[in-house]
Amino acid sequence: MTQELAPAVRDQAAAHSSGWWRSAVIYQVYVRSFADSDGDGIGDLRGVRERLPYLADLGVDAVWLTPFYASPQADGGYDVADYRAVDPLFGDLSDADDLVRAAHGLGLKVIVDIVPNHTSDRHIWFRQALAEGPGGPARARYHFRPGRGADGELPPNDWESVFGGPAWTRTTDADGTPGEWYLHLFAPEQPDLNWDRPEVRTEFESILRFWLDLGVDGFRIDVAHGMVKAPGLPDIGAREQAKMIGAQRLPFFDQDGVHEIHRSWRALLDDYGRAHGKEVIGVAEAWAPDSERLALYVRPDELHQAFNFHFLTCAWDAAAMRAVIDESLAATASVGAPTTWVLSNHDVVRHPTRYGGDDYGLGLRRARAAALLMLALPGSTYVYQGEELGLPEVVDLPDEVRQDPAFFRGDGQDGTRDGCRVPLPWSGTEAPYGFGPAGSWLPQPARWAELSVEAQSGDPRSTLELYRSALALRRELPGLGDGPMSWLPAPEGVLAVSRPGFVCTLNTGRAEVSLPVPGRPVLATGALEFAGGTVRIPADTCVWWAV
């Protein structure tokens, strides 16, 4: 028996099946590393605005901006002190307004980060909570608890921070004596909010409306899977370090209660969109243990998209890739949502280095091929700044320049996120390669001169021109973007994706393969050899065909 949807949900499902976001290519801008307009070595909103024509020319549909809110920058802006203010490092509200208007003038949509799991310890709410002391309503907005042990000297439970060490920090009372502990799943400067409190929910609804009124087209929701904790904050028991990525089932991640929050936000976004004649979206950064759990975040009455990190973490292996693609498509199809595909972001090692290790040539070949596969798959794709240049991870940053809080805590995440956040090379032969009028907040490698936008522009063999061509074809070929897909027979180590009027062939093996020519080649990441009706495709190479 088929279950009938309620009318409101049925309307949402219909809207869910259309919309710009289902096929969009969204470019992630890590603001402090994109472009510096004022010479302080840190990227800013004006710098982003001045470089928007580059993104329009690249062929993306939308820009996602990492946090630029007022922040002490303990975790690169993901510790927000004021959600309605722009940090002076990045400009002011007028710069944000100018950026949104300029983007819209170029046909680009703008998605901004929202950080609802935690605030900065400098946020007015947390300062009030510390000043108020135990038992007050200000403390109820966070997770304060007495410690365990005879004198409360032990943390309230055994939870560990994703950044390493205990997920609890002890406060000091006004009289100087040790006080309660507060929960922080990340850095101590990032206390977790208590989403059981109505005022927390009301405040964030107001924040969403504030930025919608400024003109943004959607929100990427940071730690969308972590906002609700299991009742009673139970011990985990196991001593394995908590991770953002993986199949761990933890009492502070992927709790069912988060879905009520996301449903309320979807209703807010839909209501606002209808009232203003536009589609505004919510995107979950949700690290779920499997594709089926991830799909729950994109049911018709929840969020529009969720990042598919299972594809990002997949090995360079045709069988593994096919399994992840099949699982991802099946899970999202079950709820009528598009799948998203991403290879890199500001929290992981860049994929040329993941695929090749110390062998940059190997990693780049695989990265280029993976990009064509990703852009050929059904749904929406995310491009992290610099991947269109083939930038590798910077693995030799001196300790004294690192700023990733996980690096300083030692036993949490690997502490290497700075390596994927090094400022972009735009032009010139010496650092900072056009990033800004002065230096850059992280040093750029000398070898990046040949990887700059200027150096690669116009070179048909470059990774930049590969991305430009692929994104142009993705718009021109009617079978790409959201829509049906099937697999064609292929030998071991090869994937053959069929879309309407289109075939994508990827050779992940160590040797070239000979295959029947499926159509007219329109783009390839390596040199092809044709003989009669067959084509020889080199190792680690992807080809697009029009059929």
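**A buried glutamate and its surroundings**

Modeller: E302 is buried, with a relative accessible area of 0%; buried means under 20% relative accessible area, exposed over 50% and partly exposed in between, with a 1.4 Å probe and protein chains only. This is a predicted model, in which local features need pLDDT of at least 70, side-chain atom pairs count only at pLDDT 80 or more, and totals for chains, interfaces and linings use all residues. Residues are numbered from 1 along each chain as its sequence is written, and side-chain values use heavy atoms, with hydrogens and water left out.

Colleague: Which side chain makes a polar contact with the side chain of E302 at 2.8 Å?

Modeller: A polar contact is a pair of N or O atoms within 3.5 Å; within protein, one must be able to donate a hydrogen and the other to accept it, and residues adjacent in sequence count only if both atoms are side-chain atoms. E302 itself is found in the loop between α7 (291-295) and β11 (305-306). Its side chain has a polar contact with the side chain of R263 at 3.1 Å. The contact at 2.8 Å is with the side chain of H259.

Colleague: What distance separates the end C-alpha atoms of helix α9?

Modeller: Helices (H or I, at least four residues) and strands (E, at least two) are DSSP runs, numbered from the N terminus. The expected span of a helix is 1.5 Å times one less than its number of residues. Helix α9 (residues 318-333) has 16 residues and so should span 22 Å; the distance between its end C-alpha atoms agrees, at 22 Å.

Colleague: Which residue caps the N-terminal end of α9?

Modeller: The buried residues of α9 include A318, M321 and V324. At the N-terminal end, a side-chain oxygen lies 3.2 Å from the backbone nitrogen of A319, and the capping residue that carries this oxygen is D317.

Colleague: In β20, what is the bridge partner of E529?

Modeller: Two strands pair if DSSP finds at least two bridges between them. Three strands form an open antiparallel sheet in the order β17-β20-β19. Three bridges join β19 to the antiparallel strand β20 (residues 534-537). The partner of E529 there is R536.

Colleague: The charged end of R32 sits over the ring of which residue?

Modeller: A charge sits over a ring if NZ of Lys or CZ of Arg is within 6 Å of the ring centre and within 35 degrees of the ring normal. R354 lies over the face of Y355, at 5.8 Å from the ring centre. For R32, the charged end is 4.3 Å from the centre of the ring of W441.
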